[in-house]
Amino acid sequence: MLTVESTEKIDNVEFSVFKEVSSLGHEQVVYCYDKATGLKAIVGIHNTVLGPAIGGTRMWAYKNDQEALNDVLRLSRGMTFKNSIAGINAGGGKAVIIGDGRKDKTEPLLRTFGKFLENLNGKYITAEDVGMTAKDMEFIGMETKNVSGMPEYLGGLGDPSPFTAYGTYLGMKAAAKVAYGSDSLDGKKVSIQGVGSVGELLIEYLKKENCKIYASDFYEDRLKEVAGKYQIKGVGLDEIYDLDVDIYSPCALGATVNDETLKRLKCSIIAGCANNQLADEKAHGDYCTENGIMYAPDFLINCGGVINVYAEFIKTGTEWTQAHTEMIYEKTLDVLKKSSEEKRNAQEVAMEIALKRINDIAKVKATY
Ligand code: NAD
């Protein structure tokens, strides 16, 4: 039921929103609110030169709206680079739903979110991210065509996590090749932060290579389950930064490579699936280069999942995804070799490659 709110409330709002939106060069930011279901979501569409913006929806109990906005702005920008370096015809976008994925998720909430996405007319295509599953895509898909990563029983290609895990594993091996001269991970000590969908599957690959694995997770029950299943050592949320390991693999949330943790990390490689691992791409990427830490760019090595989401969007199959995902090994090798030889921030080297493709394709599109 419509009620009349006093306009006084609007007069007192400070409009800082456009400053933030324009600072990272976004095309569009959409706020979705629904009183009946409690839905509060933000869609960030960063760049659509290469095609419709494709990127997952994250459901997380953000401390406040500002934290959610910052996350969606950073994540959607990251998708622009990821989709470009992945070689797919998709722009960068992402969405966040504010809420606890374990407690607040309901069918009406997801379907209402789907209705909002339908209104974007295909400019943004969603899929799974943290706190979301293929089953959730089914509910979203009841209200919109603009969704991928649908369950197999509905003709979709399912959860993209296996391809994200595989690509991350390939990226980690490529980093080992440049750092240690061999891509064998045999006997390497690896700490995995976050044993969710991707973290667990990555552990499976690493176990086969005889790695010694340490893992942490926000949810104690989840950590216990995975640690028991793979016979690995569970560690505390903060303890993970002090471990004496060869490889630190962030597989939870972003910004865990920062001023504080870099002083504590003892690893020679950082390679994980989490998005936006570097709190500050320039400062922390430079720190890694200058201090002998090989940082495998997150948006490059974790792009296997979006390749699968895109495969579903263009109506091809997982064979295509598998073949396309293999390129992560060679591309990571190229980026890290270049970064080592030129003593340059690996994230920046990878971003240059991604940007070049966007700008080259923009020229192709400039004429009819
Ligand atoms: P998920 O929700 O299945 O798992 C994330 C796990 O991290 C959860 O178990 C959570 O409890 C844990 N976690 C959160 N904060 C933590 C902390 N501070 N310390 C330790 N654990 C913590 O998510 P996922 O799909 O496995 O994705 C993991 C990361 O990889 C995310 O950053 C996501 O954006 C990124 N990613 C995922 C995919 C994919 O295909 N799923 C693709 C690309 C990137």
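## The largest cavity

A helix here is a DSSP run of H or I at least four residues long, with numbering that starts from the N terminus, and in this predicted model helix H3 gives five residues to the lining of the largest cavity, which is the largest share. Helix H3 covers residues 65-85, and the elements that give two or more residues to this lining are H3 together with helix H11 (298-301) and helix H15 (346-365).

By the rule applied here, the count comes to one cavity of 30 Å³ or more, and the volume of the largest cavity is about 80 Å³. Its lining consists of Leu75, Arg77, Gly78, Phe81, Lys82, Asn275, Asn276, Glu281, Asp298, Phe299, Gln347 and Met351.

## The surroundings of the ligand

The ligand is surrounded by 25 residues, and the closest of them are Asp129, Thr164, Asp217, Ala252 and Asn275. Asn275 also belongs to the lining of the largest cavity.

In Asp129, an N or O atom of the side chain is 2.7 Å from an oxygen atom of the ligand, and in Asp217 a polar side-chain atom lies 2.6 Å from an oxygen atom of the ligand. Ala252 takes part through its backbone, where an N or O atom lies 2.5 Å from an oxygen atom of the ligand.

## The six-stranded sheet

Six strands form an open sheet in the order S9-S8-S7-S10-S11-S12, and their pairing is parallel. Strand S9 (233-234) and strand S12 (294-295) stand at the edges of this sheet, and because each has a single partner strand, one side of each is left without a neighbour in the sheet.

Within the sheet, strand S7 (residues 189-193) runs parallel to strand S8 (residues 212-216), and five bridges join the two. One of these pairings can be followed at the level of residues, where Ser191 has Tyr214 in S8 as its bridge partner.

## The hairpin of S1 and S2

Strand S1 (residues 28-34) and strand S2 (residues 39-47) run antiparallel and are joined by seven bridges, with Tyr33 standing opposite Lys40 in S2. The hairpin that these strands form has four residues between the strands, and in this hairpin Gly38 takes a positive phi near 80 degrees.

Technical notes
Residues are numbered from 1 along each chain as its sequence is written. This is a predicted model: local features need pLDDT of at least 70, side-chain atom pairs count only at pLDDT 80 or more; totals for chains, interfaces and linings use all residues. Side-chain values use heavy atoms; hydrogens and water are left out. Two strands pair if DSSP finds at least two bridges between them. A residue is near a molecule or strand if one of its heavy atoms lies within 4 Å of it. A polar contact is a pair of N or O atoms within 3.5 Å; within protein, one must be able to donate a hydrogen and the other to accept it, and residues adjacent in sequence count only if both atoms are side-chain atoms. On a 1 Å grid over the protein atoms alone, a cavity is a set of points where a 1.4 Å probe fits but cannot get out, and a pocket is an open set with protein on both sides within 12 Å along at least five of seven lines; lining residues have an atom within 4 Å of a point. Grid points are joined across faces, edges and corners, and a volume is the space filled by probe spheres set on the points.
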